[in-house]
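This report describes a structure shown below. It takes the overall build of one chain, then the place where two chains touch.

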Amino acid sequence: MKVTKEEVAYIAKLSNLMLTPEQAEKQAEEFSNILNHFDTINQENLTGIEMYSFEDEPLRLRKDEAIPFKNSDELYANTKSMQETAIKIPKVVE
Amino acid sequence: MAVYETVIGLEIHVELDTKSKIFCSCSTKFGAEPNKNTCPVCIGLPGVMPVLNEEVVKLAVKAGSALNCKINLINKTDRKNYFYPDLPKAYQISQFDLPICSGGFIDLDIEDRARKIGITRIHIEEDAGKLIHLEDSEYTLIDYNRGGVPLIEIVTEPDMRSADEAVAFLKKLRAILIYSGISDCKMEQGSMRCDVNISVREYGSQELNTKVEIKNMNSLKEVHKAILKEENRQMQFYHYGEGHKVVQETRRWDASKGRTVTMRSKEDAHDYRYFPEPDLPPVIIASETAEAIKNTLPELPDAKRKRMIEKYRLTEQEVDILIEEKYVADFYEETVQLSNEPKEASNWIITEVLRVLKTEKEIPLTTRQLSDLILEIKKGTISRTAGKEVFEALITSEASVEKIIAAKGFQQISAKDEIEAIVDQVLSSNPQAIEDFASGKTQSFGFLMGQCMKASKGKGNPGVVKEILEQKLRR
């Protein structure tokens with residue numbers, strides 16, 4: 001499956017990424033290779049195989065208990081700008 | 001002229017009533033200091049792993065059961081990708097092709113017309129953080145406390161045909177979710193949020209025209225207003241042959257201006273690039289577990305309504321008012337249990353308690369106080385009028401009904417000898433009225449009755465006063 005440079009540019013836009021034409025070209029090639037790999041996997045015959053059988057690894061769920069995170073001081077240590085405990089960013093309005 | 005009809009489908013986000021978030025142990029409590037309830041998982045630091053909260057599965061299955069859905073015993077989570085500062089991971093863990101519940105319905109009864117509103121699906125997901133846009137400021141503030149709070153999104157079929165139907169649906173849904181302890185559904189606090197998909201078509205047509213999504217209504221009243229406004233806007237276009245001007249877009253309801261404004265159009269509609277969440281295994285629920293959860297459902301509004309009409313001999317209208325809020329219905333039933341006076345309890349709650357609740361957040365008296373008040377009036381200790389004053393006093397006091405009656409000196413005089421003395425005194429000072437009555441002027445009875453009540457300072461038991469007065473006049 002071939003991924004075009006246009007598709008890469010579109011996905012980059014959705015992800016707020018800036019790519020140079022060279023980078024986009026490289027990404028397109030890498031994406032194509034990844035998708036080709038999935039095509040190969042897709043050729044595997046899966047008849048008779050239960051897709052959602054996870055008997056060996058039962059679902060692990062967490063008990064509903066509120067436990068405050070201890071190291072909260074460091075949590076926002078790398079945040080550029082705060083107003084009291086809120087994160088301050090340039091205005092975004094949808 | 002063509003007749004138009006409105007087609008409405010809803011997407012409702014409801015915050016689940018859990019103690020901790022969906023994928024981490026941070027508290028879900030509303031109103032904490034910004035970013036207080038956050039950790040590396042819910043602010044999306046690299047390398048963290050989400051672990052699903054078991055209560056979320058339980059409440060979502062419960063919601064599905066209460067809304068007549070099929071529970072998908074195998075379901076899975078997916079990443080919904082979008083880039084916005086309220087979402088630190090730049091993806092929201094949600095469900096895409098295998099939601100936890102699908103295909104349910106709610107029965108509505110609108111002006112005696114039965115309507116069945118289909119529910120397409122219910123899925124679990126995490127809430128996003130909150131952006132605070134300060135007026136006249138060049139900054140936006142971010143509070144991630146809400147990020148990771150568990151939500152269910154309920155998507156309906158486009159089965160509603162008017163603002164009234166949509167609001168009736170939301171009311172019923174809200175009641176069911178509150179009754180089952182799934183969410184507190186406070187629209188003003190955002191624990192229940194509703195997006196409306198709305199289109200207009202010629203009556204009788206089966207086609208679905210271009211739909212518009214409206215967001216940002218924070219009460220049922222605003223939902224109603226926004227739908228009326230938007231259907232009118234679209235109908236105008238179709239009416240003047242300009243149907244093409246209705247474009248698929250998201251519009252924001254501006255409550256202060258009372259109109260909808262474009263938020264984003266289809267061109268930049270989100271392409272969410274869903275893909276399976278690799279950090280979480282599929283959610284596999286044993287059918288016995290699902291059944292056990294279903295069995296924990298309490299009595300739901302429809303069943304309660306039917307039972308209350310039969311058991312307490314109330315009218316449908318009365319029961320509808322009493323069950324709209326679960327805590328009011330509970331208060332009613334407890335009062336009846338204490339007083340054994342279903343009709344009186346209903347009257348007091350509908351006229352007095354609900355009046356007070358328009359300005360108060362909680363019922364300001366206990367079921368014990370209300371049932372004692374009802375019983376004292378029934379026994380004749382106080383008059384109904386005095387009862388209202390006692391009720392007012394109970395609102396601001398924790399004292400017993402008995403104490404308040406004593407303190408205000410409201411006890412009715414029912415003792416015959418005391419009342420006889422009052423009647424005698426009134427009669428001796430009003431000979432003319434007695435003569436009038438004897439000559440057939442029956443209205444003078446009312447006058448004398450009034451004089452007796454006045455002489456007793458309003459405390460005479462009206463029944464006893466009337467009885468004695470009649471005896472004396474007819475002698």
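## Burial and basis

Chain B has 475 residues, and 37% of them count as buried. A residue is buried if 20 or more other C-beta atoms lie within 10 Å of its own, exposed if 12 or fewer, and partly exposed in between, with C-beta atoms placed from the backbone.

The model is predicted: local features need pLDDT of at least 70, side-chain atom pairs count only at pLDDT 80 or more, and totals for chains, interfaces and linings use all residues. Residues are numbered from 1 along each chain as its sequence is written, while chains are lettered from A and ligands numbered from 1 in the order in which they are written.

Chain B holds 15 helices and 16 strands. These are DSSP runs numbered from the N terminus (helices H or I, at least four residues; strands E, at least two).

The radius of gyration of chain B is 30 Å, whereas a compact globule of 475 residues would have one near 23 Å. The radius is taken over C-alpha atoms, and the globule rule is 2.2 Å times the number of residues to the power 0.38. Along the principal axes, the C-alpha atoms of chain B fill a box of roughly 95 × 60 × 55 Å.

## Where the chains touch

The contact takes 30 residues from chain A and 37 residues from chain B. Two residues are in contact if their C-beta atoms, placed from the backbone, lie within 7 Å. On the side of chain A that touches chain B, strand 2 (residues 86–90) gives the most, with 5 residues.

Strand 2 of chain A pairs with strand 9 (residues 139–143) of chain B in the antiparallel sense over 4 bridges; pairing requires that DSSP finds at least two bridges between two strands. Opposite Lys88(A) stands Leu141(B), in strand 9 of chain B.
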